[in-house]
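Welcome! Please open the structure in your viewer and get ready to select a few pieces one by one.

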Amino acid sequence: MKLIGFFNRDGGTFRTTDMAAYEKHAEAVFRKAGHDFDAVVFSGSEIVPAMERAARRDDIDGIVAGGGDGTVSAAASIAWKNGVALGVVPAGTMNLFARSLRVPLDIWQALDVLAFGEVDNVDIASANGRPFIHQFSAGLHARMVRYRNSYSYRSRIGKMRASTRAAFGVVLNPPEFEVEFEAAGIRERRKVSAVSVSNNPFGANALLYADSLTSGELGFYTAKPLKPLGVARLAIDLLRGKVRENADVMILHPAEVHLHFPKLHAKANCVMDGELLPLERDVALKLHPGELKVLVEQGLAAQVDETERRETTI
């Protein structure tokens, strides 16, 4: 394959990595695997335009993106729109999409897996036409991200501390708002503290990432209006990977979700793949089954298919 690697030097792990050595090593690994591969290191502000230019080229089969979840989300959007394959090198704080793809979280091991791997097709979702690979959310999560962004931090540890501080702030001051939704044949208006729609249902893990990206379903979650104690209980269940057992949470697995916010505040926000954005009054969320091509470990696609078939027959 003809591939180009784009590495964000501002990504968490890359900040403490010899990027010249990493770039050279990546080229050696991919070329040894038989690929036509060149790697380039960019700053955070430069990497997205560079990936967009490359993906539009007729001679490119795919891009390999190294960085945090923001960089990977942007790369997935570009790959999907241009019909090229995406390889993910997890260099961020959470690396949620990489976890779902079962890419090693070690940035050096990831290169070997991707270079000697195979192309698989996975699901990607969109909100009003804007693609996302992890989740769209409003309410608790958006407020936490807004609080976190108001704090200053310069490192991965600093970001985690800011997130913890923001989480406590949300526990003490949870939001409450109205939403109308239509999903899985259900149409309803209710008051909630949180709405979340994920690209494939979340697995039973504390980080809330999908165990599979080929289910053909969204995860749709709403939480009833919560007081501080209820938010604390929800947070504990999230950390235990037991959100399905929380009585305040409704869960559906539709292919599409339509949201309407009848009393939308002018400064209301949502979060898409970790990015804080203005919340629109009407949001149409759709799953696009198998439309994103990704590089995964050799043999993984067949292994996941067999596991899913076994689970559906139990």
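This is a predicted model: local features need pLDDT of at least 70, side-chain atom pairs count only at pLDDT 80 or more; totals for chains, interfaces and linings use all residues.

Residues are numbered from 1 along each chain as its sequence is written, and side-chain values use heavy atoms, with hydrogens and water left out.

**Stop one: strand β7.** Select residues 135-139, which form β7. Strands here are DSSP runs of E with at least two residues, and helices are runs of H or I with at least four, numbered from the N terminus. In β7, 5 of 5 residues are buried (under 20% relative accessible area, with a 1.4 Å probe and protein chains only).

**Stop two: the partners.** Two strands count as paired if DSSP finds at least two bridges between them. Look for Phe 136, whose bridge partner in β10 is Val 197.

**Stop three: the cavity.** Which residues line the largest cavity? Select Leu 96, Phe 97, Ser 100, Ile 133, His 134, Ser 198, Asn 199, Asn 200, Phe 202, Tyr 209, Ala 210 and Leu 213 to show the lining. The elements giving two or more residues to this lining are α4 (96-101) and β10. Of these, α4 gives the most, with 3 residues.

Conventions
Buried means under 20% relative accessible area, exposed over 50%, partly exposed in between (1.4 Å probe, protein chains only). On a 1 Å grid over the protein atoms alone, a cavity is a set of points where a 1.4 Å probe fits but cannot get out, and a pocket is an open set with protein on both sides within 12 Å along at least five of seven lines; lining residues have an atom within 4 Å of a point.
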